[in-house]
Amino acid sequence: MAYINGIGIISPQNTLPGQEFLEPVVEHTGDFLKAVEPVFKTYIDPIAARRMSRLIKMGISSAKICLQDAGIGMPDAIITGTGLGSVEDTEKILAELTLEGKFLNPTPFIQSTYNTISSQIAIALKCHEYNSTYVHRCFSLESCLIDALLQLGEGSAVNVLAGGIDEMTMNHLTIIRRLGIWKREAIRNLDLWSCGTPGAVAGEGSAYFIISGEKNDHTYARLVAAGTLYKPGSASETATLVTSFLNENGLSHDEIDLVMMGNNGYAENDRICEEIVSLALPHTARVMYKHLCGEYHTVSGFALFVAAGILKKQFIPSSLVVQSAAPKKIENILIHNHYRNTDHALILVRK
Amino acid sequence: MGHRVVITGYGIVSSIGLNAGDVLDSLIGGHSGIGGITRFETIHKGKLPLAEVKLSNKELVDHCGLRSVRNYTRTSLLGIAAAMQAAAMAGYAAGQELRTGLISATTVGGMDRSEDFYPPFLENTSKGRLREVVNHDCGDSTEKIAGFLGIRDFTTTISTACSSSANSLMLGAELIKAGMLDRVIAGGTDAVTRFTLNGFNTLMILDKEGCRPFDGNRAGLTIGEGAAFLVLETEENALKHGKPIYGILSGYGNANDAYHQTASSPEGTGAALAMKKALDMGTLLPADISYINVHGTGTQNNDLSEGVAVQNVFGEKVPPFSSTKSFTGHTLGAAGAIEAVISLLSIQQDAVFPNLRWSTPMKELYIKPVTELIHDASLKHVMSNSFGFGGNNSSLVLSKYIP
């Protein structure tokens, strides 16, 4: 059995330590939902921080917040998921490549390497244990969680630090807008569900979790399983796979009290999400959350934070959009996410 | 312990051959794949070597029986070329009852095309052909391979710098042992790019003469490209289906050096930990290892740190060792799987392949690599090391299959 015993999250909402659970809601009116940063020097030696890019600082800070939240000094494994790693550093090198031979600064190259976040956390903690990084679109965080469960199952770890992190830059936003996946205009995030324009709204964030084999006073919820559904052929096939995932974990659809929807404000995709959930979980209460954090590869980290909070506190914050009648009890929550409706990811959490 | 995870197929594409047979011929013949730069235009042409796969993207498309080069990055094409060999060897076909996963690893993903997209985009953000950039992320190459093979049950991508594909094999074995999958095709792929060439060049760790691992006068690594995949399944499964077994993945270990982002610790802490974990899992003693296919990049730092770690783990009885990066170059995210395949070839041939371009011992070490091909080596257990930036160190033990 695995438990979520600590959370450290930097997101576009007020989710830093000491904040109320998603209160008050943060409004964004810019091109994307930018993360609310902590004071990095609280968590990182200022001299070391000077050379670090923003993503690395967010990663280390959220990992340290997570460990503090769990009351743990040293994890037994560090696993990170990131769709794109440090976009800022990657862009710097791509820009310098146009002046090939003239660029001399190795730092962006080093930091653009996808495993930098996991390894910088290891260096900061002097943690010599298992260390890995997953880089697969909307499976990035779910792969971490699957690996974390394997590490616990093998008995080689008790406390695994696992998290997902991605950042947004204006250049990256421009490219994805040109691809037609994201909204071309800036919108108010709280209007996401009513604006009706094509495309999703972009976001970013970093969320780390202590996944532990032991329950304690810090426990938020149980992490039952994570699943990755690679390119199901249709909504009905996806729904069948969702049902199998629940069954494999000893549950029927009636036992899921709440589903956190993968909807991202792109009506065309949202319709498919709703079709899948209607087929697989016809009676389950639904909440939408991406108006709070935007869309990015590891957005399910934000969803997992929300689900763990709901299970611990036993209430649904008013900032989430409940799409149906509120559930009578909240014991099992299913998180659904997708990458452009081709890959689908699931996380199952329990009280 | 429970189930033994065995290898029922493998495929490899590298600068020394487009399949396992050609790679073996090069290894036995002492033919290195390191040469001049032909893949792209760069100011380093004629100055720095690379270990390139000798096919263009168009030729790779034909080689794999694909229709168009349009949607594929070089990383995905190399991956498909290697994975299809592994799948065929293991008798994989889409739609079989066995739950099959694909785990790939890469460090550059679709960078080979993103770097073509960027210059016009930087001048004007409405410019640059989008099809050059849509395949940028690492997951793309994995999904292209999974799509090609029709794998549906599980897929993910690992990126832990130069140890990436060793970690793919570890995850594959874990998923099989946990009963989550019956069969996993695991490995990695990386193409040479101007991005990596220039990136490593800023670190001043590229040897102008081609890498000389464990040589006292070594001056850095040589970047290579390629891909390799291994098919893992339980011994029971393999026997039940009457499949030939080419080796056992009997141990693996992953540890972090936690020392510096790009430098290894002088005492090789993480490297030694990874090797010890791999031995422990296989319930093996250092003396059981008959050959080490070392990471051996040819950089000052790696070879010293790895050499010290090997001496610490194996004491005075260090088994024969060599770095086959002197043949293939450093294939980054693919290196772990490429060297796992080479280790299997070693086991099957009972041969230790030489460490090319070696002439001078390192004064800090009492060990030196094998520099001539050894036949009749009688190899039972081979260790394969893969160490990466960020202190991501992994070690595998591959063993001769004895029923």
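This is a predicted model: local features need pLDDT of at least 70, side-chain atom pairs count only at pLDDT 80 or more; totals for chains, interfaces and linings use all residues.
**Where the chains meet**
- Chain A gives 46 residues to the contact and chain B gives 51 residues.
- On the chain B side, the elements that give two or more residues are helices H4 (111-123), H5 (138-149), H6 (164-177), H7 (194-202) and H9 (269-281), along with strands S3 (154-158) and S6 (247-256).
- That side of chain B divides into 25 polar, 21 nonpolar and five charged residues.

**Domains of chain A**
- Chain A is assigned domain 1 (2-212) and domain 2 (221-350).
- Their C-alpha centres lie 21 Å apart.
- Domain 1 of chain A brings 50 residues to the contact between them, and domain 2 of chain A brings 38 residues.
- On the domain 1 side, at least two residues each come from strand S1 (2-10), helix H6 (140-154), strand S4 (159-166) and strand S5 (205-212) of chain A.
- H6(A) supplies the largest share of that side, six residues.
- By class, that side of domain 1 of chain A has 30 nonpolar, 15 polar and five charged residues.

**Domains of chain B**
- Chain B is assigned domain 1 (5-240) and domain 2 (248-399).
- The C-alpha centres of these two domains lie 21 Å apart.
- Their contact takes 64 residues from domain 1 of chain B and 57 residues from domain 2 of chain B.
- Strand S1 (5-14), helix H1 (20-29), H6, strand S4 (183-190) and strand S5 (226-234) of chain B each give at least two residues to the domain 1 side.
- The largest share of that side, eight residues, comes from H6(B).
- The residues of that side of domain 1 of chain B divide into 32 nonpolar, 26 polar and six charged.

**The nonpolar core**
- In soluble globular proteins, nonpolar side chains tend to be buried together.
- Here the largest nonpolar core has 244 residues.
- Tyr10(B), Leu230(B) and Val341(B) have the most contacts inside that core.
- Helix H3 of chain B, residues 74-89, gives the core its largest share, 10 residues.
- What does Leu230(B) touch, leaving aside its neighbours within four places in sequence? Its contacts are Ile7(B), Tyr10(B), Ala86(B), Leu169(B), Ala186(B), Gly187(B), Ala337(B), Ala340(B) and Val341(B).

**Around helix H12 of chain B**
- H12(B) is largely enclosed by the rest of the structure, because 13 of its 15 residues are buried.
- Leu332(B) sits in the loop between helix H11 (325-328) and H12 of chain B.
- Leu332(B) has a positive phi, near 50°, and is a residue other than glycine.
- Leu332(B) has 34 other C-beta atoms within 10 Å, so it is buried; the cut-off is 20 or more.
- Just after H12(B), Asp350(B) also takes a positive phi, about 50°.

**A covered strand in chain A**
- How many residues of strand S3 (130-134) of chain A are buried? Five of its five residues are.
- In a regular strand the side chains alternate between the two faces of the sheet.
- In S3(A), Tyr130(A), Ser132(A) and Tyr134(A) lie on one side, Asn131(A) and Thr133(A) on the other, and both faces are covered.
- S3(A) pairs with strand S2 (77-81) of chain A in the parallel sense, over five bridges.
- In that pairing, Ala77(A) has Tyr130(A) as its bridge partner.

**The loop between S1 and H1 of chain A**
- Pro12(A) lies in this loop, which runs between S1 and helix H1 (46-49).
- Pro12(A) is buried, because 23 other C-beta atoms lie within 10 Å.
- Pro12(A) and Val36(A) are 24 residues apart in sequence, but their C-alpha atoms are 5.2 Å apart in space.
- Other contacts of Pro12(A) include Val26(A), His28(A), Gly203(A), Leu292(A) and Cys293(A).
- Leu22(A) is found in the loop too, with a positive phi near 55°.
- Leu22(A) counts as buried, because it has 22 C-beta neighbours inside 10 Å.
- Pro24(A) is in this loop as well, and a cis peptide bond joins Glu23(A) to Pro24(A), with omega about -15°.

Notes: Residues are numbered from 1 along each chain as its sequence is written. Chains are lettered from A and ligands numbered from 1 in the order in which they are written. Two residues are in contact if their C-beta atoms, placed from the backbone, lie within 7 Å. Helices (H or I, at least four residues) and strands (E, at least two) are DSSP runs, numbered from the N terminus. Ala, Val, Leu, Ile, Met, Phe, Trp, Tyr, Cys and Pro count as nonpolar, Asp, Glu, Lys and Arg as charged, and the others, Gly among them, as polar. Domain bounds come from an automatic or database domain assignment. A nonpolar core is a set of buried Ala, Val, Leu, Ile, Met, Phe, Trp, Tyr and Cys residues joined through C-beta atoms within 7 Å. A residue is buried if 20 or more other C-beta atoms lie within 10 Å of its own, exposed if 12 or fewer, and partly exposed in between; C-beta atoms are placed from the backbone. Two strands pair if DSSP finds at least two bridges between them.
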